[in-house]
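User: I would like to learn how to read a ligand site in a model. Please start with the contacts.

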Amino acid sequence: MRGVALAVVAALVGCIGTDDGTVAIPVLDPLVFREDVQPILATRCGNPTCHGRADRPFSIYSAGAYRADPARTFLDEPLTPEELAQNYIGACGFALELESTSPSSCELLQKPLAIDAGGMGHLGGDVWIDERDREYRTVEAWVRAPLDPPEEARQ
Ligand code: HEM
């Protein structure tokens with residue numbers, strides 16, 4: 001069920017990119033997101049003083065922390081399909097490349113990457129010391145493997 005829900009969201013993400021002035025955000029693999037990327041974002045970014053909150057443009061729901069239903073905030077239970085879908089769409093949005101032909105130039109990678117390693121600067125500090133960091137490489141591999149957007153998004 002979760003895979004199907006996320007696949008539907010992936011199809012919807014592709015449609016956000018039309019030629020009426022909106023920005024086409026990358027359609028990235030929702031299942032790799034759920035299995036490999038979400039756990040990293042939850043652990044490294046999801047703290048309530050960081051991105052585990054509603055007032056950050058990049059906000060992350062995670063078990064035991066920020067939840068869509070405030071009554072569930074500190075419950076250690078899996079995210080709902082809707083929360084996971086929101087995290088996925090948010091991460092795809094910040095995976096938008098800032099320099100053409102350089103997928104790794106996106107804020108999702110460049111913000112937490114240390115400035116000494118080419119990062120863009122981040123009030124949250126250096127989460128990843130350099131590009132050899134295993135977590136950085138997991139998120140980068142996801143960012144660099146977009147799915148083909150659905151037909152209607154290519155028109
Ligand atoms: C791998 C983990 C992390 C990722 C992927 C990440 C990503 C980002 C992104 C994309 C932004 C720009 C959008 C926004 O303002 O929300 C940002 C900004 C910010 N982040 Fe993080 N972050 C991470 C960890 C953290 C942590 C641990 C903290 C707190 C200690 C933090 C605090 C902040 C703050 C205060 C800003 C706004 C100021 C700025 O733009 O530098 N972040 N981060």
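Analyst: A polar contact is a pair of N or O atoms within 3.5 Å. Here a backbone N or O atom of leucine 123 is 2.7 Å from an oxygen atom of the ligand. In histidine 51 a side-chain N or O atom lies 2.8 Å from a nitrogen atom of the ligand.

User: What are these values based on?

Analyst: This is a predicted model, where local features need pLDDT of at least 70 and side-chain atom pairs pLDDT 80 or more, while totals for chains, interfaces and linings use all residues. Residues are numbered from 1 along each chain, and side-chain values use heavy atoms, without hydrogens and water.

User: Which residues coordinate the iron atom of the ligand?

Analyst: Donors are N, O and S atoms within 2.8 Å of the metal (3.2 Å for Na, K and Ca); water is not among the atoms, so sites may look incomplete. His51 and His122 coordinate the iron, each through NE2, at 2.0 Å.

User: Why is the arrangement octahedral?

Analyst: Six donors count as octahedral if opposite donors are over 155 degrees apart and all others between 65 and 115. The arrangement is octahedral because the 6 donor atoms around the iron subtend angles of 87 to 177 degrees.

How values were computed
Polar contact = N/O pair within 3.5 Å; in protein donor to acceptor, adjacent residues only side chain to side chain. Tetrahedral: all angles 85-135°; square planar, octahedral: opposite > 155°, others 65-115°.
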